[in-house]
Amino acid sequence: MQDEPEEILHAVSSAVLAVTRHLSVREVLQVIVRSAQRLLDARYAALGVPDEQGAFAEFVAEGISDKQWKAIGPTPRQHGMLGAMLREGAPVRLADIRKDARYEWWPRAHPVLKDFIGVPIRDGDEVLGIIFLSNKRTPGGFTEADEELLTLFAAHAAIALTNARLYERSRELAMVEERTRVARELHDAVTQKLFSLRLSAQAAQALMGTDPGRAAGQLDQVQRLAGEALAELRAVIVELRPAELGRHGLAETLRKHVAMLDRLHAPEVSFESVVVPCDDHGGLASDPAVEVAVLRVAQEALHNALRHAKAGSVTVRLIERCGALELDVSDDGGGFDASASPGRDQGLGLTTMHERAREVGGSVVVRSRPGSGTTVRMEVQP
């Protein structure tokens, strides 16, 4: 920790500014943990936001790899020291957590924690979460000054976390209003078109035997109305950008979706995101239409892999390179004949994937053969 008061204040200020630059709750939690870890020079740092079922709605950590997390298992429940801190709502600083009566146990793969410090993140009387650090790199463990510093930082972090929650709530309300507006548009425009289309089709059917000329005119009307309805429906659908994309961005939205599928299905489903640095690019990855198209293709490919492929594992890889996006969804399942008939393509949604890619100037290639798994690759160039 810094020796001079000015340096300490500067460190706290920098940490607080890093937190307040982010608006989503998940991002705020991650930056709080990262900033606290640097501020107190700790090897491990974590933050838990409790739920009402005795577990944690959110739990983020620094210093533990994804491989370690997988070996550790489910996120902790509100027991032991974590539960005590939530109940007591007071700071805890220990030379060795293992010697405290409130300590219970941790999983076999869990790193060994020794010196420990934790403080609640409070909004008035409500405990929003608890932040704790362990294994200070500087010899001697955490000091009283460290506790004061972390308590000060936690008070500012509470403001940032509350603001992020309010921001997300306001976005949710705005999205509800937007969906109500879209529903009205569907009713006012598309529904009326479909009603007119049905009447024209009925008229054509009635005239077919007695006046084929007028029946043909009604069928032309059916074709025109169907085209108009399809165009208006597509325009409305484009506006329905998934809420998660606006809140978290493409990579994090895919990560959350893959994590959910991994929990729900027997095959192992994993996600990797790679950003290749580039001096100059056109910002393609932030184009909402491109993000929606990539997300929908990924969802369709994942659905196919989990439903049809009989795979043991499915991997999703998203690469951003100089403004270009590349999505790979690969499985080790039974595969199929990629040159199958159009009916096979439609059954797997491959036609829809190709259309979605073309609409944003991209392409989809499917590589598969029986017994060798399947890879769906989508590319969009700047």
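**Briefing: sheet, cores and a buried lysine**

8 bridges join β7 to β8, which run antiparallel. This is a predicted model: local features need pLDDT of at least 70, side-chain atom pairs count only at pLDDT 80 or more, and totals for chains, interfaces and linings use all residues. Residues are numbered from 1 along each chain as its sequence is written, and side-chain values use heavy atoms, leaving out hydrogens and water. Strands are DSSP runs of E, at least two residues; helices are runs of H or I, at least four; both are numbered from the N terminus.

**Sheet**
- An open sheet holds 5 strands in the order β6-β7-β8-β10-β9, with mixed pairing. Two strands pair if DSSP finds at least two bridges between them.
- β6 and β9 stand at the edges with a single partner strand each, so one side of each lacks a neighbour in the sheet.
- Leu318 has Leu327 in β8 as its bridge partner.

**Core**
- The largest nonpolar core has 36 residues, and Leu327 and Met378 have the most contacts inside it. Such a core is a set of buried Ala, Val, Leu, Ile, Met, Phe, Trp, Tyr and Cys residues joined through side-chain atoms within 4.5 Å.
- α8 gives this core the most, with 11 residues.

**Lys136**
- Lys136 lies in strand β5 (residues 126-136).
- Lys136 is buried, at 11% relative accessible area. Buried means under 20% (1.4 Å probe, protein chains only).
- Its side chain makes a polar contact with the side chain of Asp146 (3.4 Å). A polar contact pairs N or O atoms within 3.5 Å; within protein, one must be able to donate a hydrogen and the other to accept it, and residues adjacent in sequence count only if both atoms are side-chain atoms.

How values were computed. Buried means under 20% relative accessible area, exposed over 50%, partly exposed in between (1.4 Å probe, protein chains only).
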